[in-house]
Amino acid sequence: MNILPQGPTRIGLGLEPTSYQIMNTEPEESQPSRFNGAISTLIDRLAGSVFIMPTVLALLFLSIFPLIGSLYVSLAKFDIAKGGYKLTFVGLGNYKKLFVGSEGDHFLGKFAPSTPLTWVVFGLVVIALAVFLARYLLSVKVSTGGLIGRVLLTLGSGMLTWMLVHTLWNGGRLGTASVTLVYVFVGIFFQYTLGLSLAMLTVQNLPGRRFFRVIFLLPMMITPVGVAYMFRMLTDTSKGPFTPIWESLGLINFSWVNNAWGARTAILIGDIWQWTPFMFIVLVAALESQPIEPIEAATVDGANSWQIFRYITWPAILPVTMTLMLIRLIEAFKIVDLPNVMTNGGPGTATQSLTYHAYINWRALNIGGSAAVAYMLLFLVTFFAMIFVNLIRQRTVETL
Amino acid sequence: MKSWFQSKSINTPSPVGAVLSYLMLGVWAFLILFPLYWLVITSFKISSQVAEGPFYIPFVDFKPTLDAWKYILVGDLSKDTLRNFGNTIIVAPVSALLALIFGATAAYALVRFEYRPRVGAILTFIGCVGLSIVIITLGVPWQIALAVSAAIFFILLQTIGRRFKRELGNNDIAFWMISQRMLPPVAVVIPIYILFQRLHLLDTYTALIITYVTSNLPIVIWLMRDYISTIPIELEECASIDGASRYRIFWSIVLPLAIPGLVATFLFVLVFTWNEYLLALFLSSAKVQTLPLTIAAQNATRGPQWWNMSVLILIMIVPVIVIAIILERYITRGLLIGAVKG
């Protein structure tokens, strides 16, 4: 089947393609024999490596070193010394501080005592996770990797739930980890729904749709620092444009900055305003490159617009949707400019995200602590990205 | 009556649908434009007009002045602004273009080829990188350290590395690539700073461009992977049967068909690099500073200089808007489908 011999000829990192069959989602249809006369020259054989090698090398050059470097810093104590700086190895000290030490309240939040309500919510989640694991164990295809992944997922979600039920109400206080999760998930939900609706509206054959498209792109083009300052102007209750509204509501002396959820909402609005265009433009491109014939056929057969969306458009944009969600998931975890500029993380630490937490430590020259927060952020992102890629993305894209 | 609710063709909404669509589009357009309007009028205000409360309409509520614009464009700040503007114009498009070229090729490769990197080889590689870092921190010159680790790497690869036969697939490579964006810039900026300091590349275009290209490659790859996988494989098979090489197929078939995706992706990467703040803060000191740094610098000890900031933000958006308007028509119902008949 394969044009190139496999195995013994392989050299190097294994990044040379081992088979030249063009990949296809339905393997039984791919017939590389059609390529028989095609690929002959040596230079063409190397194509697979030529295409991917520059990227791999560039990423290796600029990623492995910072990754290992900051891992080392997170395990060390940073001090200014004569003629530069000094790193003292302290093991897991920086991490310990985040979980049980002086920064525990800041990172995980202030835990309220358990009440029947927290036990009920936590119990329900545990039952759901147990059902999820049991269903996997009873299914036909159980593999070691899959099992380990699912056990980790269960443990991780269990711990996150425990943290959330104890910090969300009853006088508990959210830590930077939970605040970041709020920003990420609420933000992505609104950005995607708004982006998709707007994209569906502007792919219609309406006069002036190109005007709207360019307008809708604008927020993304402003530098994040600029957006943050702009929203600080807009949300000012005494000098901002909405002052008359605040006055009529009797809120002129009530500063949203003093209300934790008010401040978080303001930051979320800024985030949604800025990043909806990202979802919008990718979805427009995806909707535009969708073939028209199936829709025509469905219309002839009398399908209504919901059915067309559900069974034709949605499956067609699902891969792009998944990619968008993943990219935004990764990017949204790094939110820092909005809380920094709009609220300075206040009131207290209520609007601080993890990156902002790392930034504060870093500004206080606690470089080791900063790197430790950054690594915890990396763990969190990896956790959610793995769940996303392995469970959600594969399942939804493969079942098409 | 019925015709009000009936669409004329698949893509044209019914009259009622059109009105509703315009209504919703209008609301969102207002939500987008109002903050920008506030930015524009703030740029024509002076400090007392900002401090004394909200004024909405120029000439009616307050007397607009060009003070801030003069200050930024011809006054005290003009030298800095123009230099940083020039830097941004060089760095952002070059980085975006390079990222697009490398990213699109890699994305094509990940869609159409099958790679099987071996776990053993990767582990050996990581071990050797770690080893070289340890050697360097012990005080050995980096050239020698790199040479030694490279030698050890190839020896181990040919011996131990071959014993671990477990292989990864394309999806693992793609995930590795996107995972490069997971660490927040705050964490990676110090190692990157040290790296470029050692290479004597601080405060150069090269350093900024290299950093921006690598940090945006994963996004290009992930977005382009989806677009490329929607291109029918039959076209490539036909070309291949006709004797076209891989490069030819990529250049003359895949790229032209992926233009909507390429344009959208280029626009993002351009925007990301155009607006990047933290890395630029570290990697540039005087010569190659970019505009976001100038904006942040307006938060002076006297408090934020809102009017100057507004001017700078507006100046920064204009070029991107122009590019977006030029490129927008390419993000249109693609070449794959042909003209849509109304």
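## Chain A at a glance

Helices (H or I, at least four residues) and strands (E, at least two) are DSSP runs, numbered from the N terminus. By that rule, chain A has 16 helices and five strands.

This is a predicted model: local features need pLDDT of at least 70, side-chain atom pairs count only at pLDDT 80 or more, and totals for chains, interfaces and linings use all residues. Residues are numbered from 1 along each chain as its sequence is written, while chains are lettered from A and ligands numbered from 1 in the order in which they are written.

A residue is buried if 20 or more other C-beta atoms, placed from the backbone, lie within 10 Å of its own; it is exposed at 12 or fewer, and partly exposed in between. Of the 400 residues in chain A, 39% are buried.

Helix H5 (residues 116-138) of chain A is hardly covered: one of its 23 residues is buried. H5(A) reaches 32 Å from its first C-alpha to its last. That is close to the expected 33 Å, where the expected span is 1.5 Å times one less than the number of residues.

## Where the chains meet

Two residues are in contact if their C-beta atoms, placed from the backbone, lie within 7 Å. The contact takes 93 residues from chain A and 108 residues from chain B. On chain B's side, helix H1 (residues 15-43) gives the most, with 13 residues.

Leu365(A) is not a glycine, yet its phi is positive, about 60 degrees. Leu365(A) sits in the loop between helix H15 (354-363) and helix H16 (367-398) of chain A.
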